[in-house]
Amino acid sequence: MTKPPRKPSKPLLGEADALLRSRPRRHRDPDQPNLPFDPMPDRIEPCLALLKARPPKGDNWVYEIKWDGYRVSVHIEPAGIRILTRGGHDWTHRFPAIKLAAMWLPVGSAILDGEAVVLDEQGRSDFGLLQQSLGGRGGKKMSSDAIFMAFDLLYFDGHDLRNSELSMRRHLLEDLVPADSQNDIRLSEEVEADGDALLRITCEHDLEGIIAKRRDSPYRSGRLGDWVKIKCIQTDSFVIVGYEQSTVARAGIGRLLLAARKGKKLAYVGGVGTGFNERSANELRKQMDKLIIGKPAVDTGRKRNAVFVRPDLVAEIEYRAWTHDGKLRHAAYKGLREVEDDTAIHEIV
């Protein structure tokens, strides 16, 4: 008896984007020669994607949607299933649905590389929903909503595949995890499309971005450029309500404290500690020192070494997403907006 599939989620991209269909599945050649037996690795350091501004060009690159979740590897072993985080922590107990789905895969031993995600109603991965399902930052809950998007196969029935080309690894993975699977382990499909066009359409659908991979590359641990990530970046204007002091950061600014509009009031949305250079940090510090106040304009929670300022300065902030508790994720400072711009401050709905 097999486990019934979940109710299918809505398609990731609409019918109008038919060019994004993945290529047809290929079947394994039964005459393929056997490979020598290899011992199963206890853990494999992941191959990491290098951040680039634009997709690479050339026929040797293939594309996938970038998933916004936790990078994990699923180990199917004679002794049982193990689900390891990027840092090597055993989170098998936190992803019970993925563990159960792995037990049903038609393989004796394997290591699958992929992303644990929670999908929203439109079929998009949502890091905030994943965080919530696990109990928030530092939480210890199990997530029954998380599924595993598999995008590589590193070990397969006694054979270490890391020295094999990506195209061969994907060939075997597609036999193991069918493209039409709606179970808790699903295939992250390769997309045949022009990289620039795919990125544009991906961003229009409010996805995180795309991943480009070299067809002929082996699986190499680390961030070596065989895989490239191109993200859809969001930019908005936020009010600066203070900063955390630092003895090592430029101009003593460890992190800016930011707020957005919520109705007629301001609400704290987190901080930003990257994106400064020497000049911009010094400029910021001079302007903020003229606006120091004793009591914060918004509730920022308990902050060590914080200096609060009048909410007169507006910063342009680049960020990737929001956390489930309404804070900016992966934010970077881009510069101050001029008063003459009549800047629209980000509003929280």
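Modeller: Taking a disulfide to be a pair of cysteine sulfur atoms within 2.5 Å, the count comes to 1 disulfide, and the bond runs between C203 and C232, with an S to S distance of 2.1 Å. This is a predicted model, in which local features need pLDDT of at least 70 and side-chain atom pairs count only at pLDDT 80 or more, while totals for chains, interfaces and linings use all residues. Residues are numbered from 1 along each chain as its sequence is written, and side-chain values use heavy atoms, with hydrogens and water left out.

C203 belongs to helix 4 (residues 195–204), whereas C232 sits in the loop between strand 10 (227–231) and strand 11 (234–245), so the bond ties together parts that are 29 residues apart in sequence; helices (H or I, at least four residues) and strands (E, at least two) are DSSP runs, numbered from the N terminus.

The two partners can also be described by their accessibility, where buried means under 20% relative accessible area, exposed means over 50%, and partly exposed lies in between (1.4 Å probe, protein chains only). On that scale C203 is partly exposed, with a relative accessible area of 30%, while C232, at 10%, counts as buried. Another cysteine, C47, is buried as well, with a relative accessible area of 2%.

Turning to the helix that carries C203, the buried residues of helix 4 are G195, A197, L198, L199, I201 and T202. As a general point, an α-helix has 3.6 residues a turn, so residues three or four places apart point the same way. The cover over the buried residues of helix 4 includes strand 2 (61–65), strand 9 (209–214) and strand 10, where contact means heavy atoms within 4.5 Å.

The two ends of the helix can be described too. At the start of helix 4, a side-chain oxygen of D194 comes to within 3.2 Å of the backbone nitrogen of D196, which is a polar contact, that is, a pair of N or O atoms within 3.5 Å, where within protein one must be able to donate a hydrogen and the other to accept it, and residues adjacent in sequence count only if both atoms are side-chain atoms. After helix 4 comes D206, whose phi is positive, near 60°.
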